[in-house]
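Here's a quick look at one helix and at the aromatic rings of a protein chain. Have the structure open as you read.

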Amino acid sequence: MDPLKYLEELKPSYMSLGLERLENLKEKIPIQFPENNVIVAGTNGKGSTCAFLSSILKNSGFKVGFFSSPHLIDVSERIRINNEPIQKDDFKKYILFLKEILDKNKISLTYFEFLTVLSLIYFKEKNTDINLLEVGLGGKLDATNIASSLLGIITSISYDHTKILGNSLKKIAIEKAGIIKNSVPTLVSFQKKPVLRVIREEALKKSSPLHQLKEEINIKDIRISIDGISYRLITPQRNYEIFTNFLGEYQIENSALSIRAAEILSERMKFPLTNESIQRGISSAQWECRLKKYENNGKTIFIDGAHNIGGIKALSKSLQKLNFNNLKIGFFSFKDKNPEKLLKKLLPFSKKIYFFNLNNERSPGFEEWLRIARDLKIKDYEIVEEDKIGEVIEKEKIDLFTGSLYFAGEVLKWLKR
């Protein structure tokens, strides 16, 4: 049988959160999961924070596992060691190994649960020093929360997946704060007051030492240009001169969060952390489609995977700081993400909008794009069918593609052809 086809067939038509299936798995099967994990929850910035932290730890001499989601081009991207995706042959071997165990014990897992368990088995067998686990959805009932942790990190929290997580910041924060574990430190990024209240209460309940980024760092001398961002960071341990070639202003917060996380881990795991490993880690970190610059036949284009209101607001702020305007914007968003609301934030920076009508059941569709254009009074726009993506990218000078990580991946796929 084809292991990759089997994996694809596990994809559900609906969300199925909960740890019951994984608890059942742990009870029935003597699988050893690694204990040296960092669990990262939040609405925006999880992947970038993990990418920065992975790079810092790698530059400190560690073998770092990194489980992320979603993938942009290939599912194997989700499971990495020192930023190298799992080899295809290894991936297939581990799929078949886990499938055999599940079949023998008559246990069913969802697509995301299967990948989470597979990554933990892989990291354990490859003897990684530390693993970064990016929460898929929420936190409390997410499959990654089955793992024990050395540190919990909560990035910026805003509105997303409201039908599942709740329609208030407090409800969403309760789900995200579910990763806080007994007596394990928690590091939390800049948050709104209702969110902080929830996190503080949960940390107190679990006797978790709480580190609030806002109270523990100072950021000075920020310089943002088309080449990257530099700033001075003052932490409880030392001062750093930081540079990243990531362009989004929001990456200042994500990189600072990763640095503070590395400091907490160095104290907890008793390893030396140098200025050089921090600086080299941040400057060499790689993460696709987060306001990243790409070249295509001599043309510079930018791709950003912002896919919710928090992400779009952060992107808009970055465009303003970079003095970007009169942009030709390629846009796609799933219909359940309120595309009209997202696009409205980008209009002040736009010259022309290209609506991409992708062949996906969650796509708004041609008529809906027409309505959005009419309601937002967009004068200059074009609706692009999926089979015309390449042709339009080649012919038109589209400056920015955004609105969805899925869309960012489709554009990236085309560029890499």
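Predicted model: local features only at pLDDT ≥ 70, side-chain atom pairs only at ≥ 80, totals over all residues.

## Helix 16

Let's start with helix 16, which runs over residues 405-416. Its 12 residues reach 16 Å from the first C-alpha to the last, close to the 16 Å expected at 1.5 Å a residue. At the start of this helix, a side-chain oxygen of Ser404 comes to within 3.1 Å of the backbone nitrogen of Tyr406.

Buried residues in helix 16 include Leu405, Phe407, Val411, Leu412 and Trp414; Ala408, Gly409 and Glu410 are buried as well. And what do the buried residues of helix 16 pack against? The list has strand 12 (292-296), strand 13 (299-303), strand 14 (327-331), strand 15 (350-357), helix 15 (389-395) and strand 17 (400-402).

## Aromatic rings

The structure holds 19 aromatic pairs. One of them is Tyr94 with Tyr122, an edge-to-face pair at 5.3 Å centre to centre, with 85 degrees between the planes. Tyr94 belongs to helix 4 (residues 88-104) and Tyr122 to helix 5 (residues 111-125), so the pair ties together parts that are 28 residues apart in sequence. Both of these tyrosines are buried.

## Charges over rings

Elsewhere, Lys99 lies over the face of Tyr6, at 5.3 Å from the ring centre.

How values were computed:
Residues numbered from 1 in each chain as written. Heavy atoms only, no water. Helix = DSSP H or I, 4+ residues; strand = E, 2+ residues; numbered from the N terminus. Expected span 1.5 Å × (residues − 1). Buried < 20%, exposed > 50% of the residue type's maximum accessible area, 1.4 Å probe, protein only. Contact = heavy atoms within 4.5 Å. Polar contact = N/O pair within 3.5 Å; in protein donor to acceptor, adjacent residues only side chain to side chain. Phe/Tyr/Trp six-rings, centres within 6.5 Å; stacked < 30°, edge-to-face > 60°. Lys NZ or Arg CZ within 6 Å of the ring centre and 35° of its normal.
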